[in-house]
Amino acid sequence: MDINQPLTLLGGISPAKFMRTYWQRKPLLVRQAIPQFKALLSRPELFGLAEQSGVESRLVMGANGGQRNWHMQRGPFKRRAIPKLSERDWTLLVQGVDLHDDRVAALMQQFRFVPDARLDDVMISYATEGGGVGPHVDSYDVFLLQAHGQRRWRIGRQKDLSLLPDMPLKILANFKPEQDWVLEPGDMLYLPPRYAHEGIAQGECMTYSVGFRVPEVGDLARELLVRLSEGVEDGAGNDLYKDATQPAVSNPAAIPLGLKDFAKKALQMSLKDPKALQRALGEYLTEPKSNVWFEMGDMPDTLTSVQLDRQSKMMYDEHHIFLNGESWRAAGKDAALMRQLADRRALTSMQIAQASPAALGLLMAWCDDGWLHAAR
Ligand code: SIN
Ligand code: CO
């Protein structure tokens, strides 16, 4: 993608300008971001996904218009558990649709002017007249693409983020909208994190949310430390705390100084190799979600062109490539090839022809794992 080229998707501004001007800063409404856009999944296809146990879905029944009464259930939902289409004020939300549908995965690719490490998933909501999840803020950036019917969006910059008590979902207590639009199919609204918003369906409505993930410092530290600790074993017996010089104590509850030093050393050891931190980060960022399963493929005899499975997460840094939670050291021509695969999510037969036997072996093994597919 040429990041300096104006994009219809962004209302005729370039990704470079969008990231400089709007990203994480202010909302952007784009009329006809995708001209003539039609919902990629039909209603039965979406309801079918909500029936599956490996798909995260929620049903929200809410009363707008000040009645302040909300109910939420978690899926999977048999068709008969979903309210009648003639009933108003309900919405079905299906998370991670990009993992289950190639068309939706392809739509998400259009947003790859943002690093993959930040892209999370596409959620699809289906609502009847009046349906929505109430006024709220999200902790992440989101592009709200109208796919079918109309939705009225009201948004506001408010600082008061207090919530209604005892609700099954986070509903702002004092929503103060400042802007108000009705979105038609193909229209899109970008919202930065913590921007108050409420979308209400006007008749049957489907909205696609392209969402991003934001690591939270505590979660990230926990994940990285677990991974780093796996690398701290020196095997020479220096990994055991020793206290031959420990004198007898009359205050047994006090933590010995030596143990404090040992704890510090343990943490320092896990961070000693800077590459270990980079590895832990890449493995964490590419770790598939817990509901992701790959179907084993066939180890091909020869490889022509290949493409990553839509569920595969592949990233890289200066020393490594990462795929689905695993890491490999890579340098030189092979690293360049693998980076192409990560950025383009595919390799042509000409590119593959230049792969070393080791790189070719990896590509074959990934086909076997179902992470990569020989192009059809
Ligand atoms: C929806 O599609 O109903 C909710 C999307 C959102 O407000 O983040
Ligand atoms: Co939201």
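Buried area is taken here as the accessible area, computed with a 1.4 Å probe, that two parts lose on being put together, summed over both. The structure is a predicted model, in which local features need pLDDT of at least 70 and side-chain atom pairs count only at pLDDT 80 or more, whereas totals for chains, interfaces and linings use all residues. Residues are numbered from 1 along each chain as its sequence is written, chains are lettered from A and ligands numbered from 1 in the order in which they are written, and side-chain values use heavy atoms, with hydrogens and water left out.

The domain assignment divides the chain into domain 1 (8–212) and domain 2 (285–374), the bounds coming from an automatic or database assignment. The C-alpha centres of the two domains are 32 Å apart, and the area buried between domain 1 and domain 2 amounts to about 980 Å², with carbon and sulfur atoms giving 44% of it. Of the area that domain 1 buries against domain 2, Leu-99, Arg-112 and Ala-117 supply 47%, more than any other three residues.

In terms of contacts (heavy atoms within 4.5 Å), 13 residues of domain 1 meet 11 residues of domain 2. For salt bridges, defined by a side-chain nitrogen of Lys or Arg within 4 Å of a carboxyl oxygen of Asp or Glu, the rule finds 2 between domain 1 and domain 2. Lys-289 and Asp-120 form a salt bridge in which the closest N and O atoms are 2.7 Å apart. For polar contacts, which are pairs of N or O atoms within 3.5 Å (within protein, one able to donate a hydrogen and the other to accept it, residues adjacent in sequence counting only if both atoms are side-chain atoms), 7 residue pairs are found across the interface of domain 1 and domain 2, both residues being at pLDDT 80 or more.

The residues around ligand 1, each with a heavy atom within 4 Å of it, include Leu-93, Met-123, Val-133, Trp-153 and His-197. Polar side-chain atoms also approach the ligand: one of His-136 lies 3.1 Å from an oxygen atom of ligand 1, an N or O atom in the side chain of Asp-138 is 3.2 Å from an oxygen atom of ligand 1, and a polar side-chain atom of Arg-151 lies 3.4 Å from an oxygen atom of ligand 1.

Gln-95, whose side chain is joined to that of Arg-58 by a polar contact of 3.4 Å, is also in contact with Met-123, leaving aside neighbours within four places in sequence.
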